[in-house]
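Dear colleague, please find below my note on the structure that you asked me to read.

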Amino acid sequence: MTIANETIRVEDDRTGVALNTIKRAFLDNLFYIQGKSPESASLNDCYMALAYTVRDRLLSRWLNAQKTYREQNVKTVGYLSAEFLMGPHLGNNLINLGLFDTVEKAMLALGLPLKKLLEQEEEPGLGNGGLGRLAACFLDSLATLDIPAIGYGIRYEFGIFDQVINDGWQVEITDKWLRKGNPWEIARIEDSVAVRFGGHTVSGIGKDGKYESEWVAQDVIMGIPYDTPVLGYDTNTASTLRLWKSEAFESFDFHSFNQGNYYGAVNDKVSSENISKVLYPNDEQISGKELRLKQQYFFVSCSLQDAIRSHIARKNNIKTFHQKWALQLNDTHPAIAIAELMRLLLDEWHLDWDDSWNITTHTFGYTNHTLMPEALERWSVELFGRLLPRHLELIYEINRRFIDKIQKQFPKDSAKVSRMSMIDESGERYIRMAHLACVGSHSINGVAALHSKLIMKNLLHDFHDMWPEKFSNKTNGVTPRRWIVLNNPLLTQLISNKIGTEWIHRLDDLKQLEKFVDDKSFREEWRKCRQQVKMLLVTDIERKCNIKVNPDSIFDVQVKRMHEYKRQHLNVMHIVTLYNRLLRDTKTKIVPRTFIFGGKAAPGYLTAKLMIKLINSVKNVVNSDPRVNKILKVVFIPDFNVTNSQLVYPAADLSEQISTAGKEASGTGNMKFMMNGALTIGTLDGANIEILEEAGDENFFLFGLRAEEVQRMKETKYNPKEYYHSDIELRECIDLILSGHFSHGDKNLFKPLVDSLMNYDPYMLMADYRHYINCQQRVSDAFLDQDNWTRMSILNVARSGKFSSDRTIHEYCKEIWNVAPVEVVVPPYHSATTNDSKFFV
């Protein structure tokens with residue numbers, strides 16, 4: 001519109017980005033979607049209205065991306081993962097849209113602090129930790145790099161439990177993340193698919209003279225897709241996260257109801273919806289194992305049917321499926337996809353075996369995430385055959401053909417057959433899902449250099465002997481958009497003021513910071529910035545935990561899933577050692593430290609839950625003892641998740657990455673700490689090795705046994721008691737814990753932990769204790785020189801570029817998936833109801 005030679009821009013409320021347009025759109029959504037006026041609206045109403053306002057601005061990008069992919073018939077990445085730990089959507093979407101500041105001002109003009117609205121969002125707890133968070137980072141990077149992609153998973157009604165600490169113990173509370181609604185998802189009811197379970201197979205010779213097998217299923221359930229757009233940073237590309245919800249084929253049985261069987265009338269609905277009810281049931285009982293297998297098959301079958309439907313809708317031939325889809329298995333949870341794709345191609349599309357197997361093996365890639373054989377998924381043949389009889393037949397046939405190949409390639413090594421077979425027949429017969437994944441995929445990768453080396457050398461060495469060309473390393477990464485830009489705006493501003501903002505796209509650009517490391521004024525700015533960030537965490541800890549901590553102390557942080565191999569109890573042993581030193585002589589010079597813990601234990605993992613109790617028991621004693629509590633403080637942050645991590649990673653001085661060498665696949669928390677300026681104390685394990693290589697020896701605190709030393713000591717009858725008897729401080733530490741000092745005189749409470757350390761110590765805490773204590777002294781000495789510590793902090797950030805998930809995804813695209821970026825162009829907005837709209841119904 002033009003008035004008196006002046007052009008006035010009139011924006012649409014759905015897509016406009018001007019401050020007044022955002023305000024108007026927000027008020028419209030509050031009124032027309034939430035049905036509230038400003039006077040009657042709750043904070044949650046306001047959050048929902050703002051979420052819908054932001055989602056409107058995603059939709060044109062998202063729908064145009066899908067349209068572009070259809071029209072250009074592009075190759076698509078399908079990321080199959082049982083977990084997607086996305087974190088809150090609102091803040092991340094505002095960053096990627098470039099609207100954070102504008103929206104903050106718009107809300108403030110309406111009297112609504114954006115921070116308050118961000119706090120209203122329920123975090124979708126659809127993952128246990130690193131595996132699900134990695135998947136979320138990958139979706140962010142896929143969209144940012146303009147790669148056509150879709151994430152496939154499960155829409156768990158109840159995510160990972162909320163953790164409450166009661167008398168020092170973890171208590172699990174149901175995570176009702178959907179109770180107030182989810183404004184980011186859209187249900188696609190018409191894209192529902194049917195999934196079968198149970199029954200039996202009927203085999204015979206078909207009309208063409210070939211063998212056929214028909215699956216006569218006992219149960220059929222529906223998979224309902226819920227789509228969430230995942231926007232890339234500063235791009236028009238938005239990927240799709242498609243999560244499947246299970247529902248009964250028929251929700252209500254009138255016949256049973258009329259017979260007076262009221263429970264039976266809704267029984268199918270209840271049992272069907274259980275499949276997507278909760279994240280990872282406890283699988284110690286057979287019912288838990290059955291439900292977990294059902295979950296895995298359910299989302300895999302839904303996803304493959306969906307991918308094939310999309311492929312055919314683009315007028316492709318089923319025989320070119322592998323040319324248009326690259327499907328990545330995120331660990332062994334989705335490995336049943338290999339047998340399911342074979343079933344679909346053989347039974348539904350009537351291809352022959354060779355064509356089906358060629359398509360399958362060229363479609364899948366397999367990412368391994370563990371070095372512990374016991375963590376590789378396997379299912380009893382009896383359970384598997386009862387739930388998936390047709391798939392058991394197919395796995396037997398795949399295995400038979402595979403064994404023939406082993407015998408031809410290694411005729412003199414008969415033991416290889418039993419080691420590599422997909423069926424473990426050493427006792428009760430089990431299906432080895434990792435072996436199925438290795439045989440049915442064209443690529444197998446680890447997630448850190450050491451991890452990949454060890455799976456080739458140890459865990460999967462027979463498969464590496466057979467197919468060395470399949471194996472590669474793809475070191476994990478994390479998205480800098482969430483883990484720096486959103487979580488640490490003060491550091492983001494400081495960096496951008498010096499080197500511009502391109503580093504958000506290309507994290508390697510952070511290397512430009514190195515030229516400022518000798519600039520005294522820049523180091524001072526850096527130090528002040530970090531102190532401000534630490535003060536934010538100080539305030540948060542006092543509010544949530546009622547603990548006052550010293551912002552000038554070393555913030556020594558270990559936040560991760562609770563597990564013995566991650567060795568949170570080694571960290572506790574350091575605290576107890578310092579405590580003992582101060583009790584012996586209160587004038588002992590110890591640099592003040594605040595030890596910050598966070599993490600959840602699996603509900604059935606009793607030792608990990610006892611470790612949480614130990615941390616909290618030591619915390620209570622240390623924090624209440626006036627002889628030490630001016631020097632030492634211990635904090636346990638309950639319910640640690642993406643939301644609660646937002647202030648922790650930026651504020652850490654020291655990142656504890658102290659797992660037993662050879663046990664951690666990669667780790668990604670170590671990368672988040674490094675990107676935010678923390679220094680690492682760690683073993684040569686997982687991605688620590690590459691962090692050490694990038695940061696430099698002088699900017700990393702290294703301690704502990706190497707992986708080969710751990711293995712060698714275990715092979716030569718390692719005796720942990722020798723360390724107990726030869727190290728007086730270790731002995732005093734163990735004895736104090738066992739004495740009941742931290743457990744109100746109860747000498748039995750922590751006895752299981754101590755007995756394990758003294759008699760078995762499978763994760764080598766006793767062997768690494770002295771190395772760790774001495775290394776921590778080096779940390780304290782270094783922290784006293786604040787100017788040099790700041791220099792090391794700057795260099796850690798400057799050299800963290802390798803650990804962007806953008807780099808990881810680029811490597812997958814080039815070396816495994818063979819996919820290229822596709823530009824998405826969003827035309828100027830016009831109403832969806834204009835005359836040139838075309839419908840295809």
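Does A187 count as buried, partly exposed or exposed? Point 2 takes this up, after a word on the model.

1. Basis of the note. This is a predicted model, in which local features need pLDDT of at least 70, side-chain atom pairs count only at pLDDT 80 or more, and totals for chains, interfaces and linings use all residues. Residues are numbered from 1 along each chain as its sequence is written, and side-chain values use heavy atoms, with hydrogens and water left out.

2. Residue A187. With a relative accessibility of 35%, A187 counts as partly exposed. Buried means under 20% relative accessible area, exposed means over 50%, and partly exposed lies in between (1.4 Å probe, protein chains only). A187 is found in strand 7, residues 186-187. Helices (H or I, at least four residues) and strands (E, at least two) are DSSP runs, numbered from the N terminus. Residues up to four places away in sequence not being counted, A187 touches P225 and Y226; contact means heavy atoms within 4.5 Å. From A187 to W244 there are 57 residues in sequence and 9.7 Å in space, C-alpha to C-alpha.

3. The length of helix 1. Helix 1 has 14 residues (19-32), which at 1.5 Å a residue should span 20 Å; its end C-alpha atoms are 20 Å apart, which agrees. The expected span is 1.5 Å times one less than the number of residues.

4. Which residues of helix 1 are buried? They are T21, I22, A25, F26, N29 and L30. These residues cover an arc of only 165° around the axis, which puts them on the same side of helix 1; the arc is that of the directions from the helix axis to the C-beta atoms. An α-helix has 3.6 residues a turn, so residues three or four places apart point the same way. The buried residues of helix 1 pack against helix 2 (43-72) and helix 4 (100-109). On the face turned away from the buried side, helix 1 carries the exposed residues N20 and Y32.

5. Residue L110. The loop between helix 4 and helix 5 holds L110, which counts as partly exposed at 30% relative accessibility. Leaving aside neighbours within four places in sequence, L110 is in contact with K23, F26 and L27. L110 and K23 are 87 residues apart in sequence, and their C-alpha atoms are 7.7 Å apart in space.

6. Helix 3. Eight of the eight residues of helix 3 (90-97) are buried. The buried residues of helix 3 pack against helix 2, helix 4, helix 5, helix 6, strand 11 and helix 20 (480-486). Just after helix 3, G98 takes a positive phi of about 75°.

7. How many cavities of 30 Å³ or more does the structure hold? There are six. On a 1 Å grid over the protein atoms alone, a cavity is a set of points where a 1.4 Å probe fits but cannot get out, and lining residues have an atom within 4 Å of a point. Grid points are joined across faces, edges and corners, and a volume is the space filled by probe spheres set on the points. The largest cavity holds about 140 Å³ of space. Its lining has 16 residues, of which M86, H89, N92, V230 and R482 lie nearest the centre. Helix 3, helix 6 (130-144) and strand 11 (219-231) each supply at least two lining residues, and helix 6 gives the largest share, four residues.

8. The second largest cavity. This cavity has a volume of about 110 Å³. Of its 14 lining residues, Y47, E122, W177, G181 and P183 lie nearest its centre.

9. G125 is placed in the loop between helix 5 (114-118) and helix 6, and its relative accessible area of 5% makes it buried. Apart from neighbours within four places in sequence, G125 is in contact with L85, G159, I160, D175 and L279. S443 lies in strand 18, residues 443-446, and counts as buried at 6% relative accessibility. Not counting residues up to four places away in sequence, S443 touches F364, G365, Y366, K470 and I816.

Note on methods: 1 Å grid on protein atoms, 1.4 Å probe; cavity = no way out; pocket = protein on both sides within 12 Å on 5 of 7 lines; lining within 4 Å.
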